[in-house]
Amino acid sequence: MTQATHQHERGKPDQAQLHIFVNRRKFDNPEKVKPVMTGAEIADLVGVPAANAVVRLESGPDQREIAADMPVELKNGMQFLVTRRTVEGGYGA
Amino acid sequence: MAPERIARELAILQEGGQEASYLEGSRPCVLYRAVPTAGASLGLPTTTDVIVPVPPGYPGPMIDLAGLPVGSPFLPRLAGGTNNQGIVELDGRQWQLASYHPHQNGGGPPWNPMVHGFHTYMDHLIAWLGKLN
C-alpha cells in the first residue's frame with residue numbers, strides 16, 4: 001500500500017486530516033467532512049434530519065446558529081452542537 | 001456490563017472535551033459533566049451534570065432515562081422531567097431520573113448496539129436539554 005502524499009496549499013487544511021467535533025464526537029472521514037459544509041450536512045453527521053435540526057457553532061469568537069443551507073468554512077477542531085426543534089421521548093407523569 | 005466498551009465510548013467523548021465517567025453509586029451510571037443547555041435565555045445555567053443508568057447486560061439492552069440533580073431547575077422544564085423514575089445516589093449527590101426514552105419511540109432511532117452507545121446518547125442529552133419549556 002502506498003502512502004498518499006498530501007499537497008498543502010498555503011492556508012488550507014489537509015482535507016484528509018480535517019476534523020470537527022459535533023456533540024463532542026470527532027468526525028474526520030474525508031468522504032463526509034469537507035472544507036465547506038452546510039448546517040444540514042453537519043446535522044447529518046449525527047443523524048438529525050435538516051428539518052428538525054438546530055445547528056450551532058460553539059467554538060471560536062463567532063459562535064452562532066448555522067442555518068440548514070448556510071455554508072461554513074471548516075477549520076480543524078471546530079465544535080458544533082446539533083439539537084432538535086422537536087424533542088420527543090419524554091413522558092409526563 | 002462491558003466496562004471496556006463503556007470506557008471506549010467515553011473516551012470518544014473525552015476527545016471532544018466532554019468529561020464523562022462511569023461510577024457505581026446506588027446504581028451504575030455514566031456521569032456526564034457540564035452538558036450544554038438552553039438555559040441562558042431563561043436565566044438558568046448554561047450547563048448541567050447529567051447521569052444515565054447503565055442497563056444490566058449492556059450493550060444488549062438499550063440506554064434509557066436521564067437524571068439531573070434533585071431540585072434541578074431544569075426538571076420542570078424538560079420533556080418527562082416531572083415524571084420521577086427514581087432517585088439515585090452517585091458522586092456524593094442525589095439525582096432524579098426523568099422519563100426520557102429517546103430510543104423507545106422517542107425521536108431517536110431504535111436501539112442498535114452495533115451503532116449506539118453512551119457516546120451517541122450524548123446527542124439525545126444535548127437535544128433534551130436544548131429544548132426547555
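Student: How many salt bridges does the rule find across the interface of chain A and chain B?

Tutor: The model is a predicted one. Across the interface of chain A and chain B, the rule finds 2 salt bridges. In one of them, A:Lys26 pairs with B:Glu15, with the closest N and O atoms 3.3 Å apart.

Student: Which strands of chain A each supply at least two residues of the side that touches chain B?

Tutor: These are β2 (25–27) and β7 (78–84) of chain A. The largest share of that side comes from β7(A), with 5 residues. By residue class, the side of chain A that touches chain B divides into 7 nonpolar, 6 polar and 7 charged residues.

Student: What is the area buried between chain A and chain B?

Tutor: The size of an interface is often expressed as the accessible area lost when the parts come together. Here the area buried between chain A and chain B is about 2,000 Å², and carbon and sulfur atoms give 54% of that area. In terms of residues, 20 of chain A are in contact with 28 of chain B.

Student: Turning to a helix, is α2 of chain B mostly covered or mostly uncovered?

Tutor: Helix α2 (residues 121–129) of chain B is mostly covered, as 9 of its 9 residues are buried. Among the buried residues are B:Asp123 and B:His124, as well as B:Leu125, B:Ile126 and B:Trp128.

Technical notes. Residues numbered from 1 in each chain as written. Chains lettered and ligands numbered in written order. Predicted model: local features only at pLDDT ≥ 70, side-chain atom pairs only at ≥ 80, totals over all residues. Heavy atoms only, no water. Contact = heavy atoms within 4.5 Å. Buried area = accessible area lost by both parts, 1.4 Å probe. Salt bridge = Lys/Arg side-chain N within 4 Å of Asp/Glu carboxyl O. Helix = DSSP H or I, 4+ residues; strand = E, 2+ residues; numbered from the N terminus. Nonpolar A, V, L, I, M, F, W, Y, C, P; charged D, E, K, R; others polar. Buried < 20%, exposed > 50% of the residue type's maximum accessible area, 1.4 Å probe, protein only.
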